[in-house]
Amino acid sequence: MKAQKRKTRGAFLMLAWLLVAVFAGMIAPHDPSRRFEPYSPPGSRHLLGTNDMGYDILSELIMGTRISLLVGLATAAVATLVGLAAGLAAGYSGRFLDEILTGLIDVFLMIPRIPMLILLSAFMQPGALTLSILLGLLWWPPIARIVRSATLQEKKAAFVESAVCLGFSRPRILLGEILPNIMPVVKAKFLMTFASAMIAEASISFLGLGNPLLRSWGRMLYTAFNKGGLIHGMYWWILPPGFCIAAVVVTVMATGMALEETGRSPKREVLRP
Amino acid sequence: MGFNKTRLLRVLLALFFIFTLNFLIPRMMPGDPLVFLMGEDVVLDPGAMDELRVEMGLDQPLWRQYIRYWGRIVTLDFGYSYHYNQKVSALILSRIPWTLGLMLPVILLGGILGMVTGTLSGWKGDSRLNRGFTTLNLVIYSTPPYFLALACLYVFSVRLELFPLKGFMDSGTLPDILHHYFLPVLVLTAFFASRNFLLMRGSVRQEKKKWYVLRARSMGIHGPRLVFGHVFVNAALPMVTMIALDFGFLFSGALLVEIVFSMNGMGILIYEAVLSRDYPLLQGIFLVITLMVVLANLAAEICYHRLDPRLRIQ
Amino acid sequence: MLVALWAGCARPTENPLPKNRLKIGTVHRVKSRNILFDKALGVFINLSHPHLFALDPDGEIRGLLSDDYRVSEDFTRWTFRVRDHYFWSDGLPVTASDVTFSVKYVGRHVPSRRWMERSLVRTEVLDPKTAVLVFDQPRTNMDIEFTSFPIIPRHVWENIPRPRFYSENRQFIGCGPFIIAGMDLNAGVIRLRKNSYWKGPRPALEEVEIHMYHNLDVLSLALERGDIDTCYKYADTYPYTSAQRLAETGRFTIKKTRTTGLTFIGFNLKRAPGNQLGFRRAVARALDYREIQKLITSGYGDPPGAGFVPRGMPYFLELEKPTRDPGEAERLLEACGYRDSDGDGIRENADGKPLKLVLLSTTRHHRMSELVAEYLGGVGVEVELRIVESATWVAMKDEYDYHLTITRTTPWGMRMHAGYGTGYFDARRTGEGVLHTVSDPAFLGICDSLLAVRDPKKKKSLARALQQYYARNLPAVALVQRVIVTPTNVRFTGWYHDPLFGIFNLQNFLTVRPAHGIQ
């Protein structure tokens, strides 16, 4: 099947990116904190030249994989965990808990994300982990919503009824019966959140708001523009980070979309809201 | 209508919660809001700072400020911005039309374009053209929007000199304004359209498999009537919430593009309010956004209920 | 879409710009139509509201609106004479009562000037052109104060009880050669036209436009393209790398003005190791000043002097320039008791605690902080960078939440308080950029003496004593003296730069003219 092939291909590519991130230290030709002659154009020693301080751009790009991917993954993890917990609880429990949780989801959905992110980034200057948590706290509601409606659907299925009759405990039913069946949707949403988080982090860094010590691709773009990259036409500095962001996001999203198609109960609103 | 009282209550509670959050967050941030109002050198004149504090209402204990805050919300008095030296409401009102001028065409055009092309793509088979176009949309959607914006600015405004470099306008005539809006609208529309395309495509592909399509075909309905009369409407359902939220978050969506194109709209207002610790302005803006989102959500629910007959029966 | 494209094509048929309209680009954005409360506008009105005095390129006070002043023996009574040829743009002459009114009014309403109003005992108008201000205590710096104090027309402002929220066009009435004719915040342009009542030297320019950009890159592109003729930033420079590129095109003149602005490292003198002179000396020796100059300012800055005070300030004392000597730095650290006992490359103090310091700074000094951290790391001091945005920095430095901090002085700031940067260190003061770390009676004594001194010879010896104090005690280490780089399009010539306001001073706009004659 076409979608299946795309899914495998996507997973393969993502694995490749992850490998780059993990082994970045070894792949990078130079230590990104080591200074050479600044503003050098691409050459044999520096394939992408050097930046304003003389750091090797290629090395910075490779090391940046770590940060950008880490933030994306950690955010998706936080958002999915919280979203799953809330969604499952809301979907499976009684009216009261459901109402409270849905109310909570509504509240969080109404918070304007980008302004909030600007506010928090500007004042807190968060590191990678803190940023991921913050982003995760802003991105969990859509996941919770989907998990909830999926849970509500599955709740009515026959095998769940039989599990209840058999006297299985609630956690057992939730985790053993319902969860596996909604996994495809969850996985797809995980990937979409991953993509959104990367773009959000890149946007904030680009505005110069995040922690300057967090050398993500977005931050590289900010530095490139601020230190004369555009004026001097240093395309080797400006374009690669942008391309990398786009490349990873495309991979992740394509995989997510393929997942969505091969998943069993395709749901609405899977794409990044 | 389909609304029950608990739903309404929940929305109101949510609003209350958000408004309280809106009040607390700026005040919890580090840094004294008066810092940027005083200037480089302040001879220890506590008097001046205290006077300003009193005038801004910052000398009161937190709970009293909170009560005042609510009083103001009810009377729609957002107070004064001490950085823009005018009433917050006037300031916001003056900026809104410009950002609306940017975002409304974007959402509408992006919506229509994306949904129509997405439907066609989802309906037709996996031709080369189809896959290529899908990939193009995927790439556009994956590129950080400001990157796209900067690229456009550079290529069209700087290199080709076809478009102006900044601002909403130069001379204020309608063609001039359109000229300035062209690139930002283009970039954002591409972005929204690509997203809508992908969503719609996925949705249509799901709908294609459903029973009613086969049944309609057997009844002799096919071609554009089938696609746009039946499939489209069903596939569009999930989009309703999405597009409604687009309206709700109108202002934040414009932010990055406004910065790139130096447009003095709501987006930049938010950005500057945050950086200069302009509490009253921040609160005013957040309030406006929240209200818009709530309204948008409500509108989405109404549309949803109208469009989906299955829900009406519930 | 088609309409927009058509509109775009319509551009080339516009009238070609008159050759004597000057367009200035800036990243300062005017937020409100208020000349007294808007920071950016407050600088732009230099053209329409001349100050009483200005600074000439040597840093000496020169009369502008006022041509003469006298001060009493005890520095409480200041007398100013207003020049004859100044007229407001509605025809009325500028009088002494405008001056006294301004001091009282602006002092009353603008928070940062409040102290002046409080200190004022009374004002007198001896004749239509002579104003007297009497203060409650000796005020030796009033001449400097009045190089940036707005003088406004009484007949316009006396009936406005709440100036902060006043936005009418009447406020633009000024007595300078140019006045604000229109402000379009949506297009980001401020237009100035000639004041028909200006009786001074006739400016060659017909109009001046200020174009406000949100980001510097676009401004740079506009400059290169010729949309604007120059770039202005208060107390700050045009990016060095971009300036180089403009110079290469041959269409721009790059003017370098030395400023009294410095970037420096401030020590937290309240706790270790900042409170140890040996440590501070070690830091001064560990830095590579030449490399700093090369990397941070692309070679445009000047290396700092040892006496903290930069060249260009009156009574500058030439002391031995600091040089890099890591060996000496290490010796000094050892002498302070910091030894690397466990061989991990980081020194520990006598108790075995590793020397890990927090270097606090703002995003503006990001790269400088990285360099400094690298240099200190090279001599065994581990530095943790904490880079925050301005407001947070202000909060943290006020709470002494750092070991080292990197910040900068502005030309105005160097003259604050007793001058010579004392405003930044005197523990009795505060302000946005003030570190207030020094409470040493010796230092405070010099400050107070400088504030009270009148005799220039005495002032000179005090200034020298102060610089020697800086060099000996190192409350701060200067990193680089900043040079302001201003690119100007060769279309215009006759530029005049002022130490305080760069090209945005009144004199400049009287001398700037098109390079090839008036069209």
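Colleague: Which residue stands opposite Arg81(C) in strand 5 of chain C?

Modeller: Asp68(C) stands opposite Arg81(C) there. This is a predicted model, so everything I tell you is computed from a prediction.

Colleague: Fine. How do strand 4 and strand 5 of chain C pair, and over how many bridges?

Modeller: In the antiparallel sense, over 5 bridges. Strand 5 covers residues 77–82.

Colleague: What sheet are they in, and in what order do the strands come?

Modeller: An open sheet of 4 strands in chain C, ordered 4-5-7-6 with antiparallel pairing. Strand 4 (66–71) and strand 6 (120–127) are the edge strands, each pairing on one side only. On average, neighbouring strands of the sheet are turned by 20 degrees against each other, direction ignored.

Colleague: Which helix packs on that sheet?

Modeller: Helix 3 of chain C, residues 96–109. Helix 3 touches strand 5, strand 6 and strand 7 (130–135) of chain C, and its direction makes about 165 degrees with that of strand 6.

Colleague: Moving along chain C. Why is strand 15 described as largely enclosed by the rest of the structure?

Modeller: Because 5 of the 5 residues of strand 15 of chain C, residues 404–408, are buried.

Colleague: Which residues go on which side?

Modeller: Leu404(C), Ile406(C) and Arg408(C) are on one side, with Thr405(C) and Thr407(C) on the other. Both faces of the strand are covered. In a regular strand, side chains alternate between the two faces of the sheet.

Colleague: Which strands pair with strand 15 of chain C, and in which sense?

Modeller: Strand 12 of chain C (residues 252–267) pairs with strand 15 in the antiparallel sense, over 5 bridges. Strand 13 of chain C (residues 356–362) pairs with strand 15 in the parallel sense, over 3 bridges.

Colleague: And what stands opposite Thr405(C)?

Modeller: Gly266(C) stands opposite Thr405(C), and Leu360(C) also stands opposite Thr405(C).

Colleague: Now the contact between chains C and A. How many residues does each chain give?

Modeller: Chain C gives 16 residues and chain A gives 15 residues. On the chain C side, the elements that give two or more residues are helix 7 (216–225), helix 8 (240–249), helix 12 (366–378) and strand 14 (382–388). By class, that side has 5 nonpolar, 6 polar and 5 charged residues.

Colleague: Switching to chain B. How many helices and strands does chain B have?

Modeller: Chain B has 14 helices and 2 strands. The C-alpha trace of chain B spans about 85 × 60 × 35 Å along its principal axes. Of the 314 residues in chain B, 47% are buried.

Colleague: What domains is chain B divided into?

Modeller: Domain 1 (2–75) and domain 2 (89–313). Their C-alpha centres lie 33 Å apart.

Colleague: Where is the kink in helix 10 of chain B?

Modeller: At Leu237(B), shortly before the proline Pro238(B). The kink is about 45 degrees, and helix 10 covers residues 224–248.

Colleague: Is Pro238(B) buried or exposed?

Modeller: Pro238(B) is buried. Other buried residues of helix 10 include Val231(B), Phe232(B), Ala235(B), Met239(B) and Met242(B).

Colleague: What do the buried residues of helix 10 pack against?

Modeller: Helix 5 (88–123), helix 8 (174–208), helix 9 (211–218), helix 11 (250–260) and helix 13 (279–307) of chain B.

Notes. Residues numbered from 1 in each chain as written. Chains lettered and ligands numbered in written order. Predicted model: local features only at pLDDT ≥ 70, side-chain atom pairs only at ≥ 80, totals over all residues. Contact = placed C-beta atoms within 7 Å. Nonpolar A, V, L, I, M, F, W, Y, C, P; charged D, E, K, R; others polar. Bend = angle between axes of the 7 residues up to and from the residue. Buried ≥ 20, exposed ≤ 12 C-beta atoms within 10 Å, placed from the backbone. Domains from an automatic or database assignment. Pairing = 2+ DSSP bridges. Axes fitted to C-alpha atoms, helices over the stretch in contact; angles between N-to-C directions.
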